[in-house]
Amino acid sequence: MKPVSRIHSRTAVLVDENIDTDRIIPARFLTTTTREGLGKLCFNDWRYQADGSDNPAFPLNRPEAQGCSILVAGRNFGCGSSREHAPWALLDYGIQVVLCSEIADIFRGNALKNGLLAIMISAAEHRWLLDHPGIELSIDVRGQFIGLPDGGRIAFELEPFARHCLLNGVDQLGYLLQHVDQIDAFVREREGQEAAIHGRTLQQSELRPEGLGA
Amino acid sequence: MSARTLFEKVWDAHVVAPETADTPAILYVDLHLVHEVTSPQAFSELRERGLKLRRSDRMLATLDHSTPTLPINADGSRPYVNAEAQAQVTQLETNCREFGVELYGWGSADRGIVHVMGPELGATQPGMTIVCGDSHTSTHGAFGALAFGIGTTEVGHVMATQCLLQRKPKTMAIHVDGQLPRGVGAKDLILHIIGTVGIDGGTGHVLEYRGAAIEALSMDERMTVCNMSIEAGARAGMIAPDETTFAWLKGRPRAPQGAAWDAAVAAWRALRSDDDARYDREIHIDARSVQPTVTFGTHPGSAIAIDAPVPVASSAQDQRALDYMHSQAGQPIQGMPVDVVFVGSCTNGRLSDLRAAARVLQGRHVAAGVRMLVVPGSEMVRRDAELEGLHKVFLAAGAEWREPGCSMCIAMNGDLAQPGQLVVSTSNRNFEGRQGKGARTVLASPATAAASALAGRVADPREYLNQEQTA
Ligand code: SF4
């Protein structure tokens, strides 16, 4: 993952609440086996008309929304599925930040792991941003604040580990693999207990398969 | 040790490294379920990094989402919706072969929807941590397991390390007191609960369902309840294992046997919340007040009793949802004309669900112009249903009897509704377009779905069940 520390953009707004993962990327497009190229399918059924042309009623199709990488969305964005295709599609579409008063758990975790800043702010600040589309914001991950055009700031919380990973481009799998000794020790103890219950013997290969990094 | 909830007991038993202010906990995973849609990119990542699976013996894979539910063609090919769907299935077959994962694929007598199959095989057991790249993994919580959906990046984490990085969620108790009235089932109850809690009411929490009404539920019904925990925004839902759980699991292929079984049950008995355990939130639901429940809008929280008036929209967006659904404020959902009825999915595709639908359909015929699909949740469900002759009831009533799979729950295999059609569906999501672009979904129980198929309109199953009683 590339480090993400600061993002500057105008905002585009989707006021709808509960924008679910089926709206972000409809299920019939999930037959893909790669992560790439999902941007053109992002918001597909909302964004295009039946004949394939752009739907003028879709807010992100408006001229003023072009080039915006910060999306302010209605409450409870990303609810529904655990499909990581949703953040992949948003990123490929050009969205780098989602600001919302409430973001669904699994979506938020998936988003942050891919460098999509899913940021929760208070209901009042959220309301204000919903009411002011197109303003210039700069998101500071290190300082955990959103800079407003008038110099004001909106502070936000970010889980410290997610913040660390974003700022340093840390790969979480790499981090987990650094703990392989601890995992081994845990497995030995747990499997020992389980083997006692289930009358199973444990093979060395189960404890630490060859080829595992470390 | 201080009093702990069921969730805390299972969580604590799987912590490899506790969380700190700066880092999440490392949580060990006992069982990793895999399907074709959310795994290909994770296998690719492993390949790119030259990593192997840490515990292929703790993984089970199945084909369910992209698979056709129509029988094999005369030439031996499968009627896939498109080449991409077929390629995705082939990719999982290849990945499982290459990485040594047990795949319940085509030709397996036990293939099924991942959340139907895992429990049936006895792979799902109390006290386990279970994950899958699928949000309805919460289903397995019915056994007192901590089970939740993960994204594809995390699928890769579990493949390589058998662990996940997790912050400890909060807990919420949902006490369901009293008993459900006759003709009202688990699906009605969970829709009612989501309608009460709201679709984001459980965000950040693991739910524990408890109380007399929950204890009275069968395992199939408990799975229906836990399945939809995610529709309240929760990470997971859990029910403490009890005699019902143990009786259901005993003798299943992957459950412990003999002396190991007795030892396992003894350990599982400790898996209940201590009397003075504290939850971050608690709510109470009176089971006696639950009616046959359906949805009127475009998310699962828009749930009301079948004969209750649709509430007036309180925002432009709510009005849009009513417009999309052609729901009328002030009018009940009961009576709305129906085009398609779907009985199936990991919410309601188990044997007891098919029995409930068959009981209503028995000796009757689906209304003219209504298409009804009955899709068993697994090969095992299909076999059992056919042994009982349920398929004959469905076929005689004019319904289609299909091969197991997710089918119209997610509509990515070609089973879908046309724009504008109204589907009464036993699945779990009524989002816009979930069952086909422009399709309108009313979530309901199998009995309500069957009654609606007969009436050609959204109908109260009690009418049919009462006739049965007086006949
Ligand atoms: S039946 Fe529906 S909810 Fe269940 S796993 Fe399949 S697609 Fe997901």
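**Exercise 1: the sheet**

Chain A of this predicted model has an open sheet of seven strands with mixed pairing, in the order S4-S3-S2-S1-S5-S6-S7. Work out which strands stand at the edges.

*Solution.* Strands here are DSSP E runs of at least two residues, and helices are H or I runs of at least four, numbered from the N terminus. Two strands pair if DSSP finds at least two bridges between them. Strand S4 (117–120) and strand S7 (153–155) of chain A each have a single partner strand, so one side of each has no neighbour in the sheet. S7(A) runs antiparallel to strand S6 (residues 145–147), and three bridges join them. In one of these pairings, A:Gly147 is the bridge partner of A:Arg153.

**Exercise 2: the interface**

Describe how chain A meets chain B.

*Solution.* Start with contact (heavy atoms within 4.5 Å): 65 residues of chain A and 72 residues of chain B take part. For instance, B:Arg49 and A:Asp171 form a salt bridge at 2.5 Å, N to O. Finally, H8(A) gives eleven residues, the largest share of chain A's side touching chain B.

The model is predicted: local features need pLDDT of at least 70, side-chain atom pairs count only at pLDDT 80 or more, and totals for chains, interfaces and linings use all residues. Residues are numbered from 1 along each chain as its sequence is written, chains are lettered from A and ligands numbered from 1 in the order written, and side-chain values use heavy atoms, leaving out hydrogens and water.

Methods. Salt bridge = Lys/Arg side-chain N within 4 Å of Asp/Glu carboxyl O.
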